[in-house]
Amino acid sequence: MKKHQILAVLTGIMATCSFGARAAYPVYNPQQLARQGYVINTYPQQNVRYTGNTQYYQQPTMAGRTNITSQQLVAASAVNGRPMGVNTAVSSPNRITGALPRVGSSATNAGRQYYQSSDYDRLADSGLYIGLSAGYSTMISGQMSADYAGEQNSFFAPGSFRASDLNKDSVIPLQISVGAAINSDVRVDFSYLRYSGMSYASNVQTSTGDGFADATVSGGAITSNSTMLNVYYNIDSFTGNMMGGSLRPYVGAGVGLALNTIADYVVFDNSFYDETNGLGPGSVVAGGLTAISDVYAYHNGGTMEQLAFQLEGGVTTNMNEGLKLDFFIRYANLGKVKTSGSIIVSQTEWLSDGAGDEYEAPYDSVFHYTNWFESGRLTSLDIGVRLRLEF
């Protein structure tokens with residue numbers, strides 16, 4: 001009798017545990033779905049995959065099965081007391097740049113590690129920005145040369161010369177830009193770039209009529225003001241992270257218009273030129289020209305508009321939220337600069353006194369020459385830094 005009682009008690013306990021398990025963890029069993037009017041075939045090794053609070057029902061592909069729809073599964077899950085979400089398409093995530101900090105175990109996330117969303121792609125450009133850059137021209141190439149070289153009597157005008165290398169005096173190009181990021185890799189801006197401080201060399205080889213002599217030059221400052229449309233592309237997807245992700249390499253190119261100006265300049269030749277073919281002042285009648293000295297050639301400057309372009313490469317780093325620094329190397333081709341072609345020559349003349357001697361004329365002789373153009377192409381290689389403020 002006691003054995004039957006003990007067996008009955010054990011049977012009741014097992015039944016109660018089974019019932020409790022069903023109540024504590026409702027599942028999608030075929031019997032319940034069938035009672036609710038749904039038709040479903042059961043197969044071995046059916047999988048239920050969990051992601052967060054969303055469950056996805058997966059079945060192996062088998063011929064002749066009857067599938068239930070996702071709406072039927074949602075309705076069935078609601079009846080079982082365990083609502084199920086419907087799988088939705090997930091958009092492709094953006095690439096993450098740099099070494100991002102992880103957050104480890106906590107009271108609510110035991111053993112999980114994930115990236116903080118606020119740190120995603122923290123070096124990426126976003127939105128509108130304004131930038132200010134300053135640089136130093138490590139190399140100014142090009143020279144001013146005579147456009148009239150090769151023509152007949154090309155160097156007949158006093159003060160004309162063959163060529164002159166450009167002289168630079170601490171050229172510091174300044175640039176202001178306004179732009180916006182197209183996406184995390186591409187940004188476009190419109191910039192104003194100014195070069196100043198370039199000029200002629202202090203000495204040139206000027207014409208003597210039958211050769212060339214050393215002469216000094218003063219003035220001739222060269223200035224270029226350009227506006228360009230620039231496109232920059234981040235290339236860390238090709239180069240990989242630099243300095244643990246704190247530096248982001250990029251390349252850029254721009255094209256626009258440059259307004260190039262050269263100021264007036266003076267070529268001074270202090271040579272003394274005999275006009276008597278070596279015969280001396282006594283061979284010339286009184287009042288006749290015997291010599292010329294102190295020749296000043298005033299070259300009028302000019303301004304011209306040219307097509308310009310630039311190429312740039314560098315790295316970007318993040319200073320603070322909304323502030324970025326670009327360290328760059330830039331090649332700029334600013335086109336040509338050209339004079340107006342006008343040369344005004346002033347010279348001191350010496351006259352014969354008729355007694356074998358000569359004296360300085362009480363006037364200065366002035367001559368005007370036109371269409372004597374000089375020009376040169378302006379190119380520069382700069383290193384610099386740009387501060388960008390993003391909005």
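View 1. Val255 is partly exposed, with a relative accessible area of 46%; buried means under 20% relative accessible area, exposed over 50%, and partly exposed in between (1.4 Å probe, protein chains only). The place of this residue, Val255, is in strand E13. Helices (H or I, at least four residues) and strands (E, at least two) are DSSP runs, numbered from the N terminus. Val255 belongs to a nonpolar surface patch of about 550 Å², together with Leu257, Leu307, Phe309, Leu311 and Tyr331. Patches are made of residues with over 30% relative accessible area and no salt bridge, with like charges joined within 9 Å and nonpolar side chains (Val, Leu, Ile, Met, Phe, Trp, Tyr) within 5 Å. Accessible areas come from the Shrake-Rupley method with a 1.4 Å probe, and for residues only the protein chains shown count as cover. Strands E13 (248-262) and E16 (302-320) each supply at least two patch residues, and the largest share, 3 residues, comes from E16.

The model is predicted: local features need pLDDT of at least 70, side-chain atom pairs count only at pLDDT 80 or more, and totals for chains, interfaces and linings use all residues. Residues are numbered from 1 along each chain as its sequence is written, and side-chain values use heavy atoms, leaving out hydrogens and water.

View 2. A salt bridge is a side-chain nitrogen of Lys or Arg within 4 Å of a carboxyl oxygen of Asp or Glu. Lys324 and Glu390 form one at 3.1 Å, N to O. This pair links Lys324 in strand E17 (residues 323-338) to Glu390 in strand E20 (residues 374-390), 66 residues apart. Lys324 is buried at 3% relative accessible area, and Glu390 counts as buried at 12%. In the salt bridge of Asp326 with Arg388, the closest N and O atoms are 2.7 Å apart. Asp326 lies in E17 and Arg388 in E20, so this pair ties together parts that are 62 residues apart in sequence. Both Asp326 and Arg388 are buried. A network of salt bridges links Arg187, Glu312, Lys324, Asp326, Arg386, Arg388 and Glu390.

View 3. Strand E10 (residues 203-207) runs antiparallel to strand E11 (residues 212-219), and 5 bridges join them; two strands pair if DSSP finds at least two bridges between them. Thr206 has Ala213 in E11 as its bridge partner. The hairpin has 4 residues between its strands, and Gly209 in the turn has a positive phi of about 100 degrees.
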